[in-house]
Amino acid sequence: VVVEEVGDIRALAFTGKFDPPNPVPTGVSVGNKNECAAGTNGAVVRKNGVSYFLSNNHVFARENNAVIGEDILQPGRPDSVPRCDTNFPNHVADLSEFKEINYGFLSSNTIDAAIAQIQSGTPFTCETACSYTPSDTTAMALVDMEVKKCGRTTMETTGKVTGVNVTVFVDYSGGKSALFTRQIQFSDIAEPGDSGSLIVTNDDNQPMALLFAGSAATTIGNPINDVLNNFNVSICSTP
Amino acid sequence: MVMVGFAVSCDHRSVEKQQSVPGMSKQTIEQVQAKYQDRWMRIPGVVGVGIGAANGKMMIKVLVVKKTMELEQRVPKEAEGYPIVIEETGEIWALPRKKKN
């Protein structure tokens, strides 16, 4: 009985369902107040002395539908008690910028990303909930490199790069599809809710990709340098 | 125009003989991918094209919803000397709506 309870509590604490982590680490449940959906805050990024959580457009910005300034909650509403709570107790950040997703087959994308400024009253740490902190040096993806990620649903998982320079159609809600180029393909290291996780090299935690899509067999990430350059931010690498 | 001529001649079989032609260098795998991927992405059931490796050898990967006999016939086995492998990934979803089979 004791063993079962410990396992259960660990999983719940990870998403912050009953007892939101203080300070808020990276790699845990986050979501937009206006939908009952959860993803992951993959990293803290900075520019001009301001700190932001990094995740996907489809996590923070409701697939282009959000307005700048919308509330970002930790945990996301599927992980609140009661589920999909509308009291929104854990407002930790505000949507600052998102890269618009271009749907259809005639235009292409390289990132599905957004940043949300962390509220001044929110204690946070740049360390992941998996007890490692990303390095300040990014890594270029090469096939067979070993990687890991820390995410809301499957927590820490390890895998490897299985494809580079990947062009891929990705399905979104409402039957929409978007074409992505220059993507990095990984072995299956994610489940729904892990979107927004930062994928890093397994041995030295160098950021490589922003996890955003997948299937039952594979996981896809945006090249992290494209994400950082788009927002002109750098990854916080000190716990 | 000269380059086009070289590219066409590269399509022929005897690669080793062709490589001795002055000024003709083998195309990189990225160049070959770029040249053909639009064509492959238009094949129904194909969801992606990328570069992978097996046993230390680079290859082009064509990602498909389901590996069928028809796709095996429509996707070539190689392109300009680079092997092509069909990989069954299923449909790729932005992750909140990912479906497990």
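Is the disulfide of Cys130(A) and Cys150(A) right-handed or left-handed? The torsion about its S-S bond is about 85°, so this disulfide is right-handed. Welcome to the structure; please keep in mind that this is a predicted model. Here are some points to follow as you look around.

1. Let us stay with that link for a moment. The sulfur atoms of Cys130(A) and Cys150(A) are 2.0 Å apart. Cys130(A) sits in the loop between β10 and β11 (146–151) of chain A, while Cys150(A) belongs to strand β11 of chain A, so the pair ties together parts that are 20 residues apart in sequence. Both Cys130(A) and Cys150(A) are buried.

2. Another disulfide joins Cys126(A) to Cys236(A), with 2.0 Å between the sulfur atoms. Here the link is right-handed, with 95° about the S-S bond. It connects distant parts of the chain: Cys126(A) is in strand β10 (residues 124–128) of chain A and Cys236(A) in the segment after β17 (234–235) of chain A, 110 residues apart. Cys126(A) and Cys236(A) are both buried.

3. Cys36(A) and Cys84(A) also form a disulfide, and their sulfur atoms lie 1.9 Å apart. This link is left-handed, with -75° about the S-S bond. Cys36(A) is found in the loop between β2 (29–32) and β3 (39–40) of chain A, and Cys84(A) in the loop between β6 (71–73) and β7 (91–98) of chain A, 48 residues apart. Cys36(A) has 30% relative accessibility, so it counts as partly exposed. Cys84(A) is partly exposed too, at 24%.

4. To place these links together: the count over all chains is three disulfides. Counting bonded cysteines along the chain, the pattern in chain A is 1-2, 3-6, 4-5.

5. Now for the rings. The whole structure holds six aromatic pairs over all chains. One of them is the edge-to-face pair of Phe53(A) and Phe124(A), 6.4 Å centre to centre with 80° between the planes. Phe53(A) lies in strand β5 (residues 50–55) of chain A and Phe124(A) in strand β10 of chain A, so their pairing ties together parts 71 residues apart in sequence. Phe53(A) is buried, with a relative accessible area of 0%, whereas Phe124(A) is partly exposed at 27%.

6. There is an aromatic cluster to visit as well, made up of Tyr103(A), Tyr172(A), Phe180(A) and Phe212(A).

7. Finally, look for charges over rings. In chain A, the charged end of Lys148(A) sits over the ring of Tyr132(A), 4.2 Å from its centre. In chain B, the charged end of Lys26(B) is placed over the ring of Tyr82(B), 4.7 Å from the ring centre.

Definitions and conventions: Residues numbered from 1 in each chain as written. Chains lettered and ligands numbered in written order. Predicted model: local features only at pLDDT ≥ 70, side-chain atom pairs only at ≥ 80, totals over all residues. Heavy atoms only, no water. Disulfide = S-S within 2.5 Å. Helix = DSSP H or I, 4+ residues; strand = E, 2+ residues; numbered from the N terminus. Buried < 20%, exposed > 50% of the residue type's maximum accessible area, 1.4 Å probe, protein only. Phe/Tyr/Trp six-rings, centres within 6.5 Å; stacked < 30°, edge-to-face > 60°. Lys NZ or Arg CZ within 6 Å of the ring centre and 35° of its normal.
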